[in-house]
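Please read this briefing alongside the sequence and the coordinates.

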Amino acid sequence: MTHYVCLGECGGVSEHPGICTAEPCSHHGKPLEPCECQDAEHKQQEDEE
Ligand SMILES: [Zn+2]
Ligand SMILES: [Zn+2]
């Protein structure tokens, strides 16, 4: 199921849309990206061989 992850180094994950709230993170204040992985690795693979 869809979850939302920060693409910065904080590695934040949320079940709901939002923004990164980790101050030191380079993505602080930026929207979390939707992710539908099922292995919790959050690798957004666009094409897998
Ligand atoms: Zn972050
Ligand atoms: Zn994921």
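The points below go from the overall fold to the sheet and then to a single loop residue.

The model is predicted. Its protein chain has three strands and zero helices, and the order of elements from the N terminus is β-β-β.

**Chain as a whole**
- The protein chain has 49 residues, of which 8% count as buried.
- Of the contacts between residues at least 6 apart in sequence, 24% join residues at least 24 apart.

- The three strands make an open, antiparallel sheet, with the order 2-1-3.
- Strand 2 (13-14) and strand 3 (33-35) are the edge strands; each has a single partner strand, so one side of each lacks a neighbour in the sheet.
- Strand 1, residues 3-5, pairs with strand 3 in the antiparallel sense, and three bridges connect the two.
- Within strand 3, Cys35 is the residue that stands opposite His3.

**Cys10 and its surroundings**
- Cys10 lies in the loop that runs between strand 1 and strand 2.
- Cys10 counts as partly exposed because it has 17 C-beta neighbours inside 10 Å, whereas a buried residue needs 20 or more and an exposed one has 12 or fewer.
- Apart from neighbours within four places in sequence, the contacts of Cys10 are Cys20, Ala22 and Cys25.
- One of these, Cys20, is ten residues from Cys10 in sequence, and the C-alpha atoms of the two are 8.4 Å apart.

Definitions and conventions:
Residues numbered from 1 in each chain as written. Chains lettered and ligands numbered in written order. Predicted model: local features only at pLDDT ≥ 70, side-chain atom pairs only at ≥ 80, totals over all residues. Pairing = 2+ DSSP bridges. Helix = DSSP H or I, 4+ residues; strand = E, 2+ residues; numbered from the N terminus. Contact = placed C-beta atoms within 7 Å.
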